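Thank you all for coming, and please have the sequence and the model open while I talk.

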Protein chains: 2
Amino acid sequence: MFRSVTLLCVSAALACAAEPQISPAYQDAARRLIEAALKDEAGMARLQYLCDQIGNRLSGSASLDKAIKWSAEEMKKAGLQNVQLLPVKVPHWVRGAESLAIAGPVSRSLPMLGLGGSIATPPNGITAEVLVVTSFEELAALGADKVRGKIVVYNQPFQGYGETVRYRSSGASQAARLGAVAALVRSITGRTLRTPHTGAMRYEENVPKIPVAAITPEDAQMMARLSRAGVPVKVTLKMEARTEAPADSANVIGEIPGREKPEEVVVLGGHIDSWDVGQGAQDDGSGVMAALAAVALMKELNLQPRRTVRVAFWTNEENGTAGGNGYRDWLGDKVKNHVAAIEMDGGAEKPVGFGVGSSAGRRRAVAPGAAPTTPARPPVKDLSAAAMARLGEIAKLLAPIDAGKISLGGGGADIAPIMALGVPGLGLQTTSEHYNDWHHTEADTFDKVNPEHFRQNVAALAVMAYVLADMPERLTDLQ
Amino acid sequence: MFRSVTLLCVSAALACAAEPQISPAYQDAARRLIEAALKDEAGMARLQYLCDQIGNRLSGSASLDKAIKWSAEEMKKAGLQNVQLLPVKVPHWVRGAESLAIAGPVSRSLPMLGLGGSIATPPNGITAEVLVVTSFEELAALGADKVRGKIVVYNQPFQGYGETVRYRSSGASQAARLGAVAALVRSITGRTLRTPHTGAMRYEENVPKIPVAAITPEDAQMMARLSRAGVPVKVTLKMEARTEAPADSANVIGEIPGREKPEEVVVLGGHIDSWDVGQGAQDDGSGVMAALAAVALMKELNLQPRRTVRVAFWTNEENGTAGGNGYRDWLGDKVKNHVAAIEMDGGAEKPVGFGVGSSAGRRRAVAPGAAPTTPARPPVKDLSAAAMARLGEIAKLLAPIDAGKISLGGGGADIAPIMALGVPGLGLQTTSEHYNDWHHTEADTFDKVNPEHFRQNVAALAVMAYVLADMPERLTDLQ
């Protein structure tokens with residue numbers, strides 16, 4: 001109790017120390033940005049073009065190349081300066097034809113999506129009996145004698161994306177370690193209409209590689225019920241998936257150069273690549289197009305901030321993060337001039353505020369006992385209480401659209417590499433009511449983006465980026 | 001105002017005239033039936049077997065034959081008497097291979113489901129530009145010059161199933177009348193994850209027959225957006241659909257013979273056939289299995305009513321109603337001994353009560369200006385106010401499961417033929433929150449049936465059927 005009170009006092013004192021207050025100074029700019037954002041048509045029009053006329057955009061695909069070139073042109077048309085493609089090599093995984101068929105008791109083909117990074121099956125497929133488990137613990141307890149030669153089906157319950165995605169990421173290797181010949185993973189979602197969700201997987205070193213695919217929650221449960229009823233279930237999995245030589249790709253950036261400190265940068269963006277299903281509308285067409293719209297509106301309103309505002313469309317977020325890493329490498333020492341990085345990669349539902357990267361947030365994001373699913377990232381440096389208070393001040397400007405919540409824990413996969421080098425990172429957060437229903441599926445299409453919510457996201461990005469780029473101090477100066 | 005008050009008084013007076021009150025007399029039986037239903041395991045177990053081990057069951061399919069034979073065995077195992085298969089001939093439509101591909105701007109295959117009854121395309125398919133409309137009125141206004149040679153895409157908004165389904169039923173003929181070469185209908189649903197919904201269609205006489213398929217709301221909207229953007233959209237539709245000679249099928253019935261008036265019957269049930277997608281779990285596996293469970297529980301509890309309670313699994317509801325018509329024909333003059341008919345064919349979500357067939361309900365069900373979608377049914381005779389009051393009395397017994405609402409308008413396609421001959425018809429009604437999401441899709445699977453809600457439906461059917469079969473008077477005696 002004593003400790004909490006102390007901390008509150010410290011917070012309040014630091015907030016007071018951060019005078020002059022930011023809200024009054026930026027009230028007019030914020031009002032203009034929000035008003036313009038809520039009337040914006042260009043952002044949704046660009047997103048529609050991207051979705052309908054370019055389509056989904058997996059790393060290495062012709063459509064990603066097309067999207068990247070088109071993005072640069074759109075940035076130029078919006079009046080941004082220093083528009084550049086920053087070349088990076090990206091992994092090039094190709095799905096190929098794929099299918100899953102159940103032999104009985106009701107013989108039929110089942111909807112599925114191979115997981116990104118999986119190897120192929122032999123041309124005639126793999127036919128084997130399934131072994132259904134609900135957890136890694138259950139699999140381990142069964143042991144190699146039971147698992148050998150089987151196709152392991154993970155029928156884990158959905159307990160939130162962060163907690164459940166490890167079955168997708170490392171399910172293949174965990175099964176292969178015990179002699180399984182393939183793995184099928186229940187799609188990571190709480191709501192489904194027989195909808196498979198793809199996503200990245202990773203083979204562990206020194207473990208045999210086996211093919212792995214996502215199946216629908218419906219079919220995972222069906223196989224579990226049949227197994228419990230004592231009915232043996234045999235399936236045939238066919239996948240032509242292959243990994244080709246790394247492909248050429250690029251991040252796309254464009255800027256409003258700062259009027260006083262052009263060398264200092266606030267970067268905001270999302271990722272231009274997507275999975276090879278649906279239209280990559282929420283993930284993450286909405287993020288890149290909202291970021292571009294936010295910067296385009298500053299330009300239109302002649303709001304040129306003190307520092308440079310840079311919009312970035314990173315490539316290859318989905319299966320490699322080569323874009324985010326490449327951006328860090330391209331920056332080199334200039335990373336120290338990055339005042340803040342803002343990512344929108346959680347879809348364009350109603351925005352609620354921003355999550356701020358912190359070591360605490362990072363720790364919380366990994367569930368206790370969870371297998372590591374991505375290479376461990378270096379810790380993120382915590383912002384000072386004064387900087388957090390300042391973010392709270394800025395967020396107050398978003399009260400008109402009810403998006404003024406600042407919370408600990410946030411950022412984005414594309415900005416994680418520069419956050420690890422000390423750049424304060426913020427992730428736009430939404431109500432995220434349906435994001436996981438659409439995520440990595442054929443259903444991630446333009447119609448899922450509510451235009452009003454999209455425009456609110458544009459407003460939130462614009463206000464946050466503008467004030468961070470214009471205010472006298474850098475966030476990291478506030479101690 | 002005056003009129004309303006008068007009607008209320010009339011209602012109240014008639015309710016009082018219907019003494020003795022039913023609720024107290026049947027409180028104990030209802031309590032026992034509800035208690036047993038809420039603990040019942042057999043109903044869900046049978047539904048699971050039907051879904052997982054027999055699967056979907058289109059008229060004419062081997063799986064429907066299997067389901068019918070199995071159903072008769074299950075009725076016998078549950079102790080029902082006079083278990084019979086009542087043979088009927090059913091239409092035999094076969095889907096065959098089918099596909100839809102869009103040529104550009106993003107060339108790819110699109111999810112689709114041919115509509116039941118559609119003819120095939122030529123083997124190489126039909127390739128043509130699409131013409132997107134949102135209503136029959138818009139199509140008519142465009143006229144033959146614009147429609148000729150096109151594939152008409154109906155992108156009608158979802159305004160409830162009853163109002164919107166006419167595009168599925170008669171969209172092909174309306175387009176063909178103006179020279180269209182095929183039609184694609186936006187699936188009849190308010191929520192979608194790129195989910196096509198099949199269903200029956202009907203060709204009008206003297207209009208050329210053209211192939212017709214359901215597409216997803218996502219793709220209908222995508223084509224509409226491209227058309228509005230001035231981008232011509234060309235698609236290739238391939239369908240092997242064919243209608244074979246009528247097939248042998250059967251209704252399945254089983255009974256608890258009445259202890260005093262075995263010749264008088266309360267029939268309850270649903271339809272054993274389904275579309276050829278998903279598992280036919282909600283539509284209508286849940287209906288037949290809940291009806292059987294309700295009657296099986298009466299048997300278990302030794303509740304033998306005054307009149308016969310008959311469970312009926314009608315065949316061919318989805319594409320012909322041959323089962324319901326065949327049942328009427330099989331009854332012949334005995335239809336006058338049918339005290340009531342109860343159908344459950346709206347899924348097994350939380351039950352709220354019963355809809356009572358009435359001429360008013362029938363009139364309401366057809367929207368103003370709607371094209372006729374099914375052959376006009378003869379009007380249903382309204383029940384007297386006293387009979388309605390009695391139903392309200394019985395429904396009070398369902399208060400413990402909050403399923404005691406009696407409303408006007410209800411019944412079911414399978415009981416419509418005998419309702420037209422004067423048999424009072426009731427349709428079990430639920431919250432129907434998600435029924436249309438699953439209806440006629442690959443997602444109509446066992447996992448969608450909430451066991452608790454299923455059991456509440458069993459309870460509602462059991463109590464209503466038992467009291468109607470046991471109470472001294474027939475509903476139609478109450479005047």
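Let me begin with a definition, since much of what follows rests on it: a salt bridge here is a side-chain nitrogen of Lys or Arg lying within 4 Å of a carboxyl oxygen of Asp or Glu. Please keep in mind throughout that this is a predicted model. By that rule, the side chains of Glu260(B) and Arg306(B) form a salt bridge, with 3.2 Å from N to O. Glu260(B) sits in the loop between β10 and β11 of chain B, while Arg306(B) sits in the loop between α10 and β12 of chain B, so this pair ties together parts that are 46 residues apart in sequence.

Over all chains the count of salt bridges comes to 56, and I would like to show you two others. In chain B, Glu35(B) and Arg31(B) meet through their side chains at 3.3 Å, N to O. These two residues are 4 apart in helix α2 of chain B, which spans residues 22–39, and so they are separated by about one helical turn. In general, an α-helix has 3.6 residues a turn, so residues three or four places apart point the same way. Both partners count as partly exposed, Glu35(B) with a relative accessible area of 43% and Arg31(B) at 42% relative accessibility. In chain A, the side chains of Glu244(A) and Arg242(A) are joined by a salt bridge of 2.8 Å, N to O; here Glu244(A) is partly exposed at 34% relative accessibility, and Arg242(A) is partly exposed at 40%.

Now to the helix I mentioned. Helix α4 of chain B runs over residues 62–77, and its 16 residues reach 23 Å from the first C-alpha to the last, which is close to the 22 Å expected at 1.5 Å a residue. Which residues of α4(B) are buried? They are Ser63(B), Leu64(B), Ala67(B), Ile68(B), Trp70(B), Ser71(B), Ala72(B), Glu74(B) and Met75(B). Just after α4(B), Gly79(B) takes a positive phi of about 90 degrees.

Let me turn to how the chains are arranged. Chain B is superposed on chain A by a rotation of 180 degrees with 0.0 Å of shift along the axis, and the RMSD is 0.0 Å. That is the relation of a two-fold axis. Among the residues of chain B, Leu193(B) comes closest to this rotation axis, with its C-alpha at 3.1 Å.

The area buried between chain B and chain A is about 2400 Å², with carbon and sulfur atoms giving 53% of it. Asp52(B), Leu193(B) and Arg225(B) together supply 28% of the area that chain B buries against chain A, more than any other three residues.

Across this interface the rule finds 8 salt bridges, and there are also 8 residue pairs in polar contact. One of the salt bridges links Arg225(A) to Asp52(B), whose closest N and O atoms are 2.7 Å apart.

Ser109(A) has its place in strand β3 of chain A, residues 108–110, and, leaving aside neighbours within four places in sequence, Ser109(A) is in contact with Leu100(A) and Ala101(A).

Key:
Residues are numbered from 1 along each chain as its sequence is written. Chains are lettered from A and ligands numbered from 1 in the order in which they are written. This is a predicted model: local features need pLDDT of at least 70, side-chain atom pairs count only at pLDDT 80 or more; totals for chains, interfaces and linings use all residues. Side-chain values use heavy atoms; hydrogens and water are left out. Copies are superposed by least squares on the C-alpha atoms of residues with pLDDT of at least 70 in both. The expected span of a helix is 1.5 Å times one less than its number of residues. Buried means under 20% relative accessible area, exposed over 50%, partly exposed in between (1.4 Å probe, protein chains only). Buried area is the accessible area (1.4 Å probe) that two parts lose on being put together, summed over both. A polar contact is a pair of N or O atoms within 3.5 Å; within protein, one must be able to donate a hydrogen and the other to accept it, and residues adjacent in sequence count only if both atoms are side-chain atoms. Contact means heavy atoms within 4.5 Å.
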